[in-house]
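Open the model in a viewer and keep the selection panel at hand.

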Amino acid sequence: MTELLFLVKYGEIALKKRNRGAFVKSLKDSIRAKLPGLQFSVYETFHRVFVRFPPEQEKAISAALTRTFGVVSFCKALQIERDISAIESAAVGLAEGFIAAGMGKKFKVETRRADKSFPLSSYEISCRVGELLLERFPGLGVDVHTPDWVMNIEIREHAYLYGPSIDGPYGLPNGSSGKGLLLLSGGIDSPVAGWMMAKRGMTIESVYFHSAPFTSEKAREKVETLARTLSGWAPGIVLFVVPFTPVLARIKEKAMDEEVTLLLRACMTSFATLLAERSGAMCLITGESLGQVASQTVESMAFTGSFTELPVFRPLVGMNKEEIITIARKIDTFETSNLPYADCCVLFSPAHPLIRPNQRKMKLSFGHLHVETLLREALEKTEKVTF
Amino acid sequence: MGGQETTYLDWAASAPPEPDAVDEAREVSLRLFANPSSPHAPGREAGEKLEQMRSRFAGVLGVEAREIVFTSGGTESNGAILLSLLHRHRLGGVQRQKTRVVSTAIEHSSVYEQLHSLQGHGITSAFVAPRPNGAVDPQALADALDEDTVMVSVMMVNNETGAVQDLEGVARVVRDFSARRGRKIIVHTDAVQALGKIPFSLRQLDVDAASFSGHKIGGLRGVGALFLRENTAPGFLSMGGGQERGRRPGTENLPGICAMTVAAEKRLLHLEQDRAAARENARLLIHGLREIKGAWIFPSAREEDDAARYSPYIVSAGFPPLPAEVVVRMADSRGYCISTGSACSSKKKDRTRVPESMGLSHETALSAIRVSIGPSTTAAQIDGLLAALRQDIPPLLSIAQGRGA
C-alpha cells in the first residue's frame, strides 16, 4: 500500500546531543501547531521526522513546513511495499510528475539499502529502475554527474521513494529557546526582529503601545495583522496592547520637545520590563538598527537600555534598511508595515530630537516624569490577544 | 460601539439618502429593468422614464433636457469635460494648437489631479491661488488667461472650506477676454457641493458646463450629471453604444438617475427653508467653536452668519497644533462623525493643499477638520458636538502643545 509522507531533515537539532529528544519533540509540536484542523501525523524513526498526510493536504502541509523553524529541508516521499515491481511502478509515477513539472531530462537513480536482507543490491535496484524509466520516457537521459533530478530510493522496513528537496527556514524549533518580549510597532523593522528571534527558537510575546486618539484604530489593526502574520512562523504569538496615552501626556507635559522621543522609549522599556516580569519573558527584543533614527544611536540605545535589567536583543542592529526590507518581504510583513497609518503621531516626533543624549541629564528628566504609577496603571489595563 | 447613538455630520462626503429617492430607485430597479435602448415595449418604457428624468433634472437646474448628460458621479463629470480637451488637442494624432486650462488651487482632486495628469499630454494648466478668505479673485484669474487658454474650471463651492466662488465674476472676465481675442473659452464649474444647497442659475452665471453628484444630495452613489450647454460640444473620449447622444456611452443607470432626480427636486423645493436652518446651525457651530480656547475657524475671516460668502452646510475649523485626525477620532469615540479637511483626500499625504493655498502654515493646515451638515441636522446635534469638543479638546490640546522646546 502506498502512503504519502514528507521526510523532514533538521540540522542543528542533531548537533545538540543531550537535548535532541526534547528538540525533536518541540519540532514536532511546532509542525503540529502549524496545522490545526488538518489530518496528519508526525513521527520519528531512524532519526528522521516523517509527516504522514492524505494526498489532498499536500499543499497545505508543504506550505507549513517551509515556515517551520528547525526544518533544514524536506521532500515528498512515497512509502511502498518492499517489492521491486511496486518500487518500479511508483518510480514511473514519480518520474511522470517530475517531467510534467518541467524539471528536466537528465536524471540519475540513487539507492540506499539499509536492510541488507532485500534480495537486490543497491546497484541492481538503481539499474533496473533507470532502465525502466529510459524505456518508458523516450528523451530522458542518464547523467550521474549533473542530473536535473534524482530518483532517490531507500530500502528500510518499507521502501521509500523521494522527490526533490525543498528548503526549510533552518533555525531552531518554536519554543526551544525561552521566551522574549518584542516591542512591536507598525513599522518595517520590529516584525523582522521578532521573526529573527523566533527563528532561533524563541517564543515571542509582543507589546504594542496604543495612544488613542493620537494613534488610530487602523494602526492597532495593522499591528494585529503583523502579529497574525508572525504567528504563521511562530504559532501562538501573544500581543499585549497597552493604553499609553496618559504616559504620553505626562511626557509632553514635563519634557522638553527634543527629549520627548527618548523619554517615550525609556517609558516603553520600563513598561516592557514590568510586563516581562509578569509574563515570564526573559529578554526584550527591539527592531533598532544602529544610527537609523535619532533614538537608535549608540548613546540613545545606552540610555533606553538602562531602563531594564533584562538583556535587550536587537537582531537588526548591524543591518542596512535594504537588508531588513528583503527579510520583511520574505516573511510577508512588508506590505502590511508599509500601509500608511502612522502609528506615532507627528506630535511626538520632534523636529530636532537629541542624538547624543547626556545620560545623567536624561536620567534626571526621566525622574521628573514620575511615571511609575502611570506605568503600573497601564499594566493593569493592558489587553492580551493571542494569535 | 456599545449602542452609542451616532450623529452624522459628514454630509459633504456623502449625504444620508432620502427615503423617497431610495423607494423610487427600488421601484424602478424592479419594474423598469429593461435596457432603455432596447426597442421592445419594456425597453421603450425605460427609455421614456429616462427622458422624463432628464427633463425633470434639467428643470431643477433651469436648463434644457438635451443639455444634461448622466454620468457615474462628480468625478466622472469633471473627468469627462477635462479629458475632452485631449480629443481636441490631438485630433487625429496631430497636435493642432496649444491648449491651456486655467483653474484654481482649491479644486477637488478630480479636477486638480486630472489637470496635472493632462500636463503629461501637453495640455498645460495654471492654478490660481485663492485669497486668504478662501475665494478666488476673478481678476487674479483674468490675469492668468492667455492666448492658449481654451477652458476655465472653477468650482462653485469649495468642499473643504465652504467658500462660495464668484462664478459670475469669473464668467464675466472670461467672456470679456474671449470677446477681445475672438476665441471661445469654455467655462466649467464643479457644482457638486452647490446643488440643492445654495441658489444659483446656470444661465445667469453664464457657464458652459457644470458637474453634479447624486449622493451628495441624498441620491445614490454611482450617479451624477454633466450640464453641457447647447453648442458646447467638445469631443468625448469614451466610445460605445452611443447612449447620452454619444457623449457618455454605457447602459444608463436608470434607478440611480431616478433617485438623484427625486432627491434634487426635493432639495430644490426646500432650498430656502433648509438653507435658513443650515445658516442658524452654522452660526451656532461657529459661535460655539470660537468659544473653545485654541480654536481657529478656517478661513479666519468667516463670520458667524456669512451665507453670502460661505456655504452654511460646511464649516472648517481646527485646534492647531492638534492634528485633525486626532480630533476626528476623539469625536468618533463620542459618536460624532466629522472629517479631516476633505474626506476624499484624508488618506493622502497632500491633504493640506487647499488650506495651504489660502496661506496657512503646514502645521495649521494639518489641524483642519470639516463639519458638514444637512437638512435634517438639528441644533441639538450641534450642541452635542460642541459639548464633546469643549470637554475633550483642552486636555488633548495641552498634550499636543506640550511643554515646548
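## Stop 1: a sheet in chain B

Select strand β10 (residues 314-318) of chain B together with strand β13 (residues 369-372) of chain B: the two pair in the antiparallel sense over four bridges. Strands here pair if DSSP finds at least two bridges between them; helices (H or I, at least four residues) and strands (E, at least two) are DSSP runs, numbered from the N terminus. This is a predicted model, in which local features need pLDDT of at least 70 and side-chain atom pairs count only at pLDDT 80 or more, while totals for chains, interfaces and linings use all residues. Residues are numbered from 1 along each chain as its sequence is written, and chains are lettered from A and ligands numbered from 1 in the order in which they are written.

Within the pair, B:I314 stands opposite B:S372 in β13(B). Now extend the selection to the open sheet of four strands, which in chain B has the order β9-β10-β13-β12 with antiparallel pairing. The edges are β9 (296-298) and β12 (339-340) of chain B; each has a single partner strand, so one side of each is left without a neighbour in the sheet.

Axes are lines fitted to C-alpha atoms, for helices over the stretch in contact, and angles run from 0 to 180 degrees between N-to-C directions.

## Stop 2: the domains of chain B

Colour chain B by domain 1 (7-16 + 270-401) and domain 2 (19-268); such bounds come from an automatic or database domain assignment. The C-alpha centres of domain 1 of chain B and domain 2 of chain B lie 28 Å apart. Their contact takes 26 residues from domain 1 of chain B and 29 residues from domain 2 of chain B. On the domain 1 side, β10 and α11 (353-357) of chain B each supply at least two residues.

## Stop 3: helices of chain A

Select helix α9 (residues 260-279) and helix α10 (residues 298-305) of chain A, whose axes come within 8 Å and cross at roughly 40°. Show side chains for A:L262, A:R265, A:A266 and A:T269 in α9(A), which meet A:S300, A:F303 and A:T304 in α10(A).

Next, take helix α8 (residues 245-254) of chain A: the axes of this helix and α9(A) come within 10 Å and cross at roughly 145°. The contact is made by A:V247, A:L248, A:I251 and A:K252 of α8(A) and A:V260, A:L263, A:L264 and A:C267 of α9(A).

## Stop 4: the domains of chain A

Colour chain A by domain 1 (3-167) and domain 2 (179-386). The C-alpha centres of these two domains of chain A lie 44 Å apart. Four residues from domain 1 of chain A and seven residues from domain 2 of chain A make the contact.

## Stop 5: where the chains meet

Finally, show both chains: 14 residues of chain B are in contact with 17 residues of chain A. On the chain B side, α10 (324-333) and α13 (379-401) are the elements that give two or more residues. The largest share, five residues, comes from α10(B).

Notes. Contact = placed C-beta atoms within 7 Å.
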